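This briefing is intended for a reader who wishes to inspect a structure together with its sequence. The points below are grouped by topic.

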Amino acid sequence: MTRPRRVFALDLGTTKVCCAAADLESTGLRVLGVGEAVSRGVRKGAVIEIDRAAEAVAEAVDMAEQMAGVPIDTAIVGLAGGHITSQNSRGVIAVAAGHREVRDQDVHRAIEAARAVSVPSERRIVHVLPQQYTIDGQEGVRDAVGMAGNRLEVDAHIVTGANTAIQNVVKVVHKAGLDVDDMVLQVLASAEAVVSEDEIERGVVVVDIGGGTSDVAVFSRGSIVHTGVIPVGGNHVTADLAVGLRCDLDTAETVKRSYGHCLQLTLPADAEVTLTPMGYDEPVGVPQRFLAEIIGPRAREMASLIAAEVERAGPAGLFPGGIVLTGGGALLRGFAEVVQQETDLPARVAAPQGVHGMND
Ligand SMILES: Nc1ncnc2c1ncn2[C@@H]1O[C@H](COP(=O)(O)OP(=O)(O)OP(=O)(O)O)[C@@H](O)[C@H]1O
Ligand SMILES: [Mg+2]
């Protein structure tokens with residue numbers, strides 16, 4: 001038996017930092033250990049204080065090391081945040097003369113040609129993801145290697161990030177004592193865990209609702225067709241509640257998690273939450289429907305921004321797999337229903353697939 005490949009992953013979120021150690025087995029990922037720390041020094045997915053962020057990373061890594069019983073000195077680091085943008089590009093090459101058959105090197109050259117898009121000097125390419133190949137005018141080729149032809153074209157999805165934002169993430173990871181093995185767009189990593197290959201084939205949208213931002217990845221015909229970042233996340237819901245209830249953010253967060261709902265009318269009219277607003281000495285009863293009245297509009301705003309991203313990717317009919325919601329913000333009750341209403345696509349909250357170990 002071959003030894004499974006061991007991977008370490010790091011997600012530097014706005015709300016929390018996660019580190020995971022896992023073995024890549026033929027049946028999926030076997031998780032060996034995970035660590036989580038309250039994030040600091042990160043805002044909307046971008047590092048704003050290196051020292052504080054590095055502390056949080058070190059905490060999460062220590063925890064994962066202890067649980068896994070293995071040292072972690074390198075990691076695949078997830079990238080997210082408002083500085084990420086994406087575009088589609090096409091690379092065209094002549095298949096190497098004398099072969100008249102596409103070989104690995106030709107595919108590689110075509111991808112390099114697609115990579116040669118003009119990227120502003122302050123940005124850098126994070127991913128070049130091939131979508132489909134065209135050989136001598138024949139579109140829709142999945143695997144070009146071995147096909148006969150003279151002219152090879154590739155359509156690729158190019159993800160770029162701001163140099164400085166990426167450098168700051170690398171600095172944080174180094175400061176925490178780790179090397180950066182590789183960088184991946186966080187939402188692609190999430191997508192891998194929550195949707196099946198079959199769904200990616202048929203067309204599906206993955207949305208990671210984070211604290212400060214929400215990341216969208218749209219798949220169709222087996223490849224990525226669109227990625228986008230929405231500058232709104234679960235923390236905006238909490239902030240709205242804090243204003244509406246005149247309470248502090250911690251109270252608003254607790255109330256949101258325990259009693260928050262996006263849809264007023266699904267709640268009994270007499271259901272109440274007790275809390276102590278600022279300036280009050282005694283707790284007061286607040287109808288649960290009032291919470292929904294505050295949360296609902298923000299949820300609808302997020303859902304309509306998701307709908308706009310989906311629209312950019314193509315007609316809804318291309319995504320029969322619907323919308324799969326992940327990330328902490330997806331746990332908000334009623335949110336999947338609101339997304340369903342705004343996008344006209346089925347929406348569900350994800351459970352990871354193909355991940356086992358640690359009581360599954
Ligand atoms: N049970 C819950 N109900 C509603 N919201 C929740 C719940 N648990 C967590 N959240 C919200 O999820 C958000 C954090 O999500 P997550 O941990 O995925 O973010 P992150 O990865 O740290 O942030 P980002 O991806 O924006 O950098 C917070 O806004 C939090 O309030
Ligand atoms: Mg996140």
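In this predicted model, Asp 155 is found in strand β10, which covers residues 151-162. Its side chain makes a polar contact of 2.9 Å with the side chain of Arg 90.

**Asp 155 and its surroundings**

- The relative accessible area of Asp 155 is 14%. Asp 155 therefore counts as buried, because this value falls under 20%.
- Leaving aside residues up to four places away in sequence, Asp 155 touches Ser 89, Arg 90, Leu 129, Pro 130, Gln 131 and Gln 132.

**Domain organisation**

- The protein is divided into three parts: domain 1 (5-82 + 164-188), domain 2 (85-163) and domain 3 (195-360).
- The centres of domain 1 and domain 3, taken over C-alpha atoms, are separated by 24 Å.
- Between domain 1 and domain 3, 20 residues of the former are in contact with 20 residues of the latter.

**The shell around ligand 1**

- There are 19 residues around ligand 1, and those that come nearest are Thr 14, Lys 16, Asn 235, Glu 253 and Lys 256.
- By class, this shell comprises three nonpolar, 12 polar and four charged residues.
- Domain 1 (5-82 + 164-188) and domain 3 (195-360) each supply at least three residues to the shell around ligand 1.

- A polar side-chain atom of Glu 253 is placed 2.4 Å from an oxygen atom of ligand 1.
- For Lys 256, an N or O atom in the side chain lies 2.6 Å from an oxygen atom of ligand 1.
- Gly 212 takes part through its backbone: a polar backbone atom of this residue is 3.1 Å from an oxygen atom of ligand 1.
- On its own, ligand 1 has 660 Å² of accessible area, of which the protein covers 90%.

Methods
Residues numbered from 1 in each chain as written. Chains lettered and ligands numbered in written order. Predicted model: local features only at pLDDT ≥ 70, side-chain atom pairs only at ≥ 80, totals over all residues. Heavy atoms only, no water. Near = heavy atom within 4 Å. Polar contact = N/O pair within 3.5 Å; in protein donor to acceptor, adjacent residues only side chain to side chain. Areas by Shrake-Rupley, 256 points an atom, 1.4 Å probe, with all protein chains shown as cover. Nonpolar A, V, L, I, M, F, W, Y, C, P; charged D, E, K, R; others polar. Domains from an automatic or database assignment. Helix = DSSP H or I, 4+ residues; strand = E, 2+ residues; numbered from the N terminus. Buried < 20%, exposed > 50% of the residue type's maximum accessible area, 1.4 Å probe, protein only. Contact = heavy atoms within 4.5 Å.
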